[in-house]
Amino acid sequence: WWRRAAIGGVLAFALLRLATLTHYPPWTDEVWTFGILPTSFRRLLRWFADDQTHPPLFYGLLWCWERIGGASLAWLRLFPSLIGILTAVPLVWLCRSARLDRRATILAIAIGARMPVLVAYSNEVRVYALVLLPPAASLGVRVRLGNQYARPTPFAVCLLENLIVRT
């Protein structure tokens, strides 16, 4: 039933995020993001090194995403929405690692899929969607390992926690 829970979670996350993808016009911070995307990648990285406010990982990935599909509002908002949808996977894995029963897992997925702030931030072309995915995955790995910090830290945890710092 875990596989069905994962599929159901991803579908619930997708339905609630994609339904309102272009419902609202871009706001000030999104317009700022649209303004930095046409620059070269090298200039983008230099700008972020000088800025020290905006985390470069999301914007570097968004820059690549824009090169693949263009600069339409729907396409650019799809990127953070997909990140938000992917958050369902570590959530289900976390529930499984914590050995939650079926009811508790479904409740956790429903809360995560329906939480207004998560849905809203998944539909903004800003870094907010990426802020939740690495910590959720890292927490799932930590619970899976039994949260034993005395053991050597596996590569996956190091990578995920490094992503947390970069976002």
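Here is a quick tour of the structure above, from the whole chain down to single residues.

This is a predicted model, in which local features need pLDDT of at least 70 and side-chain atom pairs count only at pLDDT 80 or more, while totals for chains, interfaces and linings use all residues. Residues are numbered from 1 along each chain as its sequence is written, and side-chain values use heavy atoms, with hydrogens and water left out.

**The whole chain**

- The protein chain has 10 helices and zero strands; helices (H or I, at least four residues) and strands (E, at least two) are DSSP runs, numbered from the N terminus.
- Of the chain's 167 residues, 38% count as buried, and buried means under 20% relative accessible area, exposed over 50% and partly exposed in between (1.4 Å probe, protein chains only).
- Now for contacts, meaning heavy atoms within 4.5 Å: among those in the protein chain with a separation of 6 or more, 72% link residues 24 or more positions apart.

**Helix α1 against helix α6**

- Helix α1 (residues 2–18) packs with helix α6 (residues 88–97) at an angle of about 145°, and their axes are 9 Å apart.
- Those axes are lines fitted to C-alpha atoms, for helices over the stretch in contact, and the angles run from 0 to 180 degrees between N-to-C directions.
- The crossing of α1 past α6 is right-handed; a crossing is left-handed if the near helix is turned anticlockwise from the far one by less than a right angle, and right-handed if clockwise.
- On the α1 side you'll find W2, A5, A6, G9, V10 and F13, and they meet A88, V89, L91, V92, C95 and R96 of α6.
- Sorted by class, the residues in this contact of α1 with α6 are 10 nonpolar, one polar and one charged.
- Ala, Val, Leu, Ile, Met, Phe, Trp, Tyr, Cys and Pro count as nonpolar, Asp, Glu, Lys and Arg as charged, and the others, Gly among them, as polar.

**A closer look at α6**

- Helix α6 is mostly covered, with seven of its 10 residues buried: A88, P90, L91, V92, L94, C95 and S97.
- The cover over those buried residues includes α1, α5, α7 (102–114) and α9 (128–144).
- S97 sits in helix α6 and counts as buried because its relative accessibility is 12%.
- Leaving out neighbours within four places in sequence, S97 is in contact with G140, V143 and R144.
- S97 and V143 are 46 residues apart along the chain, yet 6.0 Å separates their C-alpha atoms.
- Just after α6, R99 takes a positive phi of about 60°.

**Helix α4 against helix α5**

- Helix α4 (residues 56–69) and helix α5 (residues 73–86) pack at about 130°, with axes 9 Å apart.
- That makes α4 and α5 oblique to each other; angles under 35 degrees count as roughly parallel, over 145 as roughly antiparallel, 65 to 115 as roughly perpendicular and the rest as oblique.
- α4 passes α5 in a right-handed crossing.
- F58, L61, L62, W65, E66, I68 and G69 of α4 make the contact with W75, L76, L78, F79, P80, L82 and I83 of α5.
- By class, this contact of α4 with α5 has 12 nonpolar residues, one polar and one charged.

**T33, a buried residue**

- T33 is part of helix α2 (residues 28–36), and its relative accessible area is 0%, so T33 is buried.
- Not counting residues up to four places away in sequence, T33 touches Y59, L62, V125 and R126.
- The side chains of T33 and R126 are joined by a polar contact of 3.2 Å.
- A polar contact is a pair of N or O atoms within 3.5 Å; within protein, one must be able to donate a hydrogen and the other to accept it, and residues adjacent in sequence count only if both atoms are side-chain atoms.
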